[in-house]
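Subject: Structure handover

Hello,

Here is the structure I said I would pass on. Please open it first, then read the notes below with it in view.

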Amino acid sequence: MKGTIGRIRRTGAALAVATLVAVTGCSLNEGGGESTGGSGGSDEQAGGATLRIGTTTDMENFNPLQSLSKTDSWILNATYPTLLRIDGNAQKVPELAEEYTTEADGTVVVFHLRDDFEWSDGTPVTAKDVAFTAQAIMDHQLGNVAAKLTWVTGIEVRDDHTVAFTLSEPYAPFAEGVGFWMRIVPEHIFSKAGDVSQFANDSDWVGAGAYILESATKGQRYVLKANENYPYAPEGGPAVETVEYVVYPDVNTMILALRNGDIDLMGTPVPVSAVASLESDENIAIETVGSLGFAHLTYNVQHPVLADQTVRQALSMVVDTESIIETILQGDGERMVGPISPIFADYDNSDLEPYPFDPAGARALLEGAGYTDGDGDGILDDLTFEMVCDQSNANLTRVAEVVRDDAAEAGIQIDLACIERNTFLARTRGGEYDIDLSQWGVFDNPMDQLRSTYLSSNPGGINYNLVADPELDALVNDAAVTADPEQFVEKIKGIDAYVHDQALLTPLYVENFRFAYRGDRFTGFDPSPSDLLGMVTGYSLAQVTPVD
Amino acid sequence: MLRYAASRLFRAILTIWIAVTVTFFLLRLLPADPTLLVVEGDMTPEMQEALRSQYGLDKPILQQYVLYLGQLVQGNLGVSFRQLVPVSDLLLSRLPWTLLLAGSAFVLTLLIGIPLGVQAAVGRGGLVDRAVQFFGITANALFIPSVAILLLVVFGSNLGWFPIGQAIDPDTRGLAAYASLLHHLALPLFSLVLVQLGPYALTLRTNMVEVLGEDYITSARSRGLTHRRVVWRHALRNAVLPALMLMGLQLGTLIGGAVLTETVFAYPGVGRLIFESVQQLDFPVLQGAFVILAVTVVLANLLTDLLSMALNPRIRT
């Protein structure tokens, strides 16, 4: 047994070295980890700048017909073109389609495509690609775009640059919804894949957007190369040749990486708590971007007490939105009234009267409606509600506390259930709450929003009010088939006022997002509202130039 | 001796089966539904049903379990819900990084911990001893993510000595790639070792102190053996046994620590894959990762058992 310890030690050391070498050997060859596209290779391009963007998670799905996670969309939206894009003012503007027209009282929608978009393998982008994409989504009911195509009864390719959708009935925002959400894929690649719903599309990407995915190293980085033919790049092509997404699951680490210069832009918005410290860093610039969603309290009207309009109105009077925006968002948000965000300037509703913040008045209103405090505990009988919220949203968990405390003054008891995100989603989907405190992500137009959130048929599964109001149904359905733009706007504003009066929800704020980047290295981003688009749309990245 | 080894092996397999079963049912007991996370915003009930059946979640839970075990026995870990690729591919691309990180932390802890523990025991009350006792106790109370962020702020951001996040600069080749690898490894490795080392050295010290008081040590000394020989040959062999067992057990903690370490340091290992998959409720990936981890821990314990058998004649029968 002499020397056993020595033997163990030596074996241990040898094992350690062997592991190290084996591991590095295989990872340096990038065996299995990296899949690359056809062209280029990873050699440094002469002259072109590289922009590194921090993302929070790996790509889940490379199939643009399916994938819907926000971080996947950043990369896929740059690679695959859409018909329309959303500009900085939340307006739909041309991208692949230079315009769209309607025929036959709005039941036929025609997209007219530009003739200078080209797939990265040299094939031109044509109307056939658009028709193929829409048909594949409808056949397999893929992603949220399938819901946008609900009305389509026929697709006609009129020529290489004209494609017409026939609808079962006119639907005013059809072109905007499909135009913005549907990523067009190359027919000559995807049609060979067989069942497109099972197509992984995880190598050799062929795109036509501003930046095309070239290589993916799971767990580490995703490299995109500039598309020299992208028509919306400035004269002489995009200045940023290479875009690299680098994965940082922890946002604090990502902030350090930005300060350190390991990345140039955070794809994720900066948390409110970190804004001040980043602002003080002279190398870092911060861009403020609006939102296409908003935070809200939504009342479950299946609850017998919340079914009472007076109770909902009283609840709206205990929410101090102004001070919530001032203290919790540190001023970085916009107030809103009614269900339609002020970002949609066409549907201006500034004539709606907001519910005043007035807990005493709320109590008087409730007592006037017959609610009494029988046991003298300060809380009106029956007015005890459970409010659910997503624990991972730091702003909303603080809002929850403020609202609870103010509600108590009005004699309303709110019990908080700020819970883990996945559990929260399951509960909201299952209707297991009295009040839902949450934030809508992206509504690209008010009509889609009103349909999804208020129709009793619940076509989008997000009628969190669980409201089934025939009058509201009729209003929404009537607006949806209105082809005349002016009448359409009036009808939307009518629904806005109706929902506001019903107090189905109490809107809290439209949050501004802050994006931080290395202002000492890059400039010229052209951001769009929301954290889905933000700084990282292909269009925005193509405008960026390095700082000398 | 063969019987001893066989019974250990049987226990190992039993442990893995239990781990697999518990993981399987725990995930399905979660109140959340993986299909809800796939689509943000609008999702029709038909789409949700289609996803449930694609994931196999529409079948009765016992049937799902039997199907899963059947697959597992054939070495098939299933296909990821979210990424549509085989779970084994995902794990294989991540496992080397975790092995590198946890493995080198394990070895480094032993290499530093053993001499440190011995020195503390031999020089009781001395500087090393007091340091080991102090750090042994404080390190137990350290929370890995806090340590990690602290290291990142000081050595990554303020001093700029180390890169922040990632495991390697993918553009480097040859020797430069190895250098880049070590450069990226340093901080996560340091934080893991920092947390492990104290408790390990402390345990070894305690055992050593006990063993040094035994009669046979006194007798060895009285036979005129050198101090060095008594300590390193006679005492350490007995003191290291329980410490070795401890290390085997702590491997679980080490890998658990790797989940947090890899997440904070953005290190592309299995730990971070687990973190991401929990958020996405990707059951097949989680099950696969836990199978691999269970197998690793069980194997390590099996090895320590066999190793102690080699070191300790009393177990050999």
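Which residues have the most contacts inside the largest nonpolar core? They are A:L541 and B:L101, in a core of 232 residues. Please keep in mind that this is a predicted model.

Leaving out neighbours within four places in sequence, B:L101 touches B:L185, B:P188, B:L189, B:L192, B:A258, B:Y267 and B:G269. As a general point, nonpolar side chains in soluble globular proteins tend to be buried together.

Chain B

Chain B has 11 helices and zero strands. Its C-alpha atoms fill a box of roughly 85 × 55 × 40 Å along the principal axes. Of the 317 residues in chain B, 41% are buried. Among contacts in chain B with a separation of 6 or more, 73% join residues 24 or more positions apart.

UniProt, in an unreviewed entry, lists residues 95-304 of chain B as "domain: ABC transmembrane type-1". In the model, that stretch of chain B is 84% helix and 0% strand.

B:T218 lies in helix α8 of chain B, residues 215-222. Is B:T218 buried or exposed? B:T218 counts as exposed because 12 other C-beta atoms lie within 10 Å, and the cut-off for exposed is 12 or fewer. B:T218 and B:M309 are 91 residues apart in sequence, and their C-alpha atoms are 25 Å apart in space.

Chain A: confidence

The average pLDDT of chain A is 88, and 91% of the residues score at least 70. Two stretches of chain A need caution. Over residues 1-34 of chain A, pLDDT stays under 50, and the model has 35 contacts there beyond four places in sequence. Residues 36-46 of chain A also have a pLDDT below 50, with 17 contacts in the model beyond near neighbours in sequence. Where pLDDT is low, the predicted coordinates should not be read in detail.

Chain A: an open sheet

Chain A has an open sheet of four strands in the order β5-β6-β8-β7, with antiparallel pairing. Which strands are at the edges? They are β5 (97-103) and β7 (152-159) of chain A, each pairing on one side only. On average, neighbouring strands of this sheet are turned by 20° against each other, direction ignored.

Six bridges join β7(A) to β8(A), residues 162-167, and the two run antiparallel. Within the sheet, A:V157 stands opposite A:V163 in β8(A). Two helices of chain A also belong in this picture. Helix α3 of chain A, residues 127-140, packs on the sheet and touches β6 (108-113), β7 and β8 of chain A. The direction of α3 makes about 165° with that of β7(A). Helix α5 of chain A, residues 174-181, packs on the sheet too, touching β5, β6 and β8 of chain A. For α5, the angle with the direction of β5(A) is about 150°.

Chain A: strand β11

Strand β11 of chain A, residues 240-247, is joined to strand β2, residues 49-55, by seven bridges, and these two run parallel. In this pairing, A:V240 in β11(A) is the bridge partner of A:A49. Five bridges join β11(A) to strand β10 of chain A, residues 221-226, and that pair runs antiparallel. There, A:V223 stands opposite A:E244 in β11(A).

Regards

Methods:
Residues are numbered from 1 along each chain as its sequence is written. Chains are lettered from A and ligands numbered from 1 in the order in which they are written. This is a predicted model: local features need pLDDT of at least 70, side-chain atom pairs count only at pLDDT 80 or more; totals for chains, interfaces and linings use all residues. A nonpolar core is a set of buried Ala, Val, Leu, Ile, Met, Phe, Trp, Tyr and Cys residues joined through C-beta atoms within 7 Å. A residue is buried if 20 or more other C-beta atoms lie within 10 Å of its own, exposed if 12 or fewer, and partly exposed in between; C-beta atoms are placed from the backbone. Two residues are in contact if their C-beta atoms, placed from the backbone, lie within 7 Å. pLDDT is the predictor's confidence in each residue, from 0 to 100. Two strands pair if DSSP finds at least two bridges between them. Axes are lines fitted to C-alpha atoms, for helices over the stretch in contact, and angles run from 0 to 180 degrees between N-to-C directions. UniProt positions are given in the numbering used here, feature names are shortened, and annotations may be inferred rather than shown by experiment.
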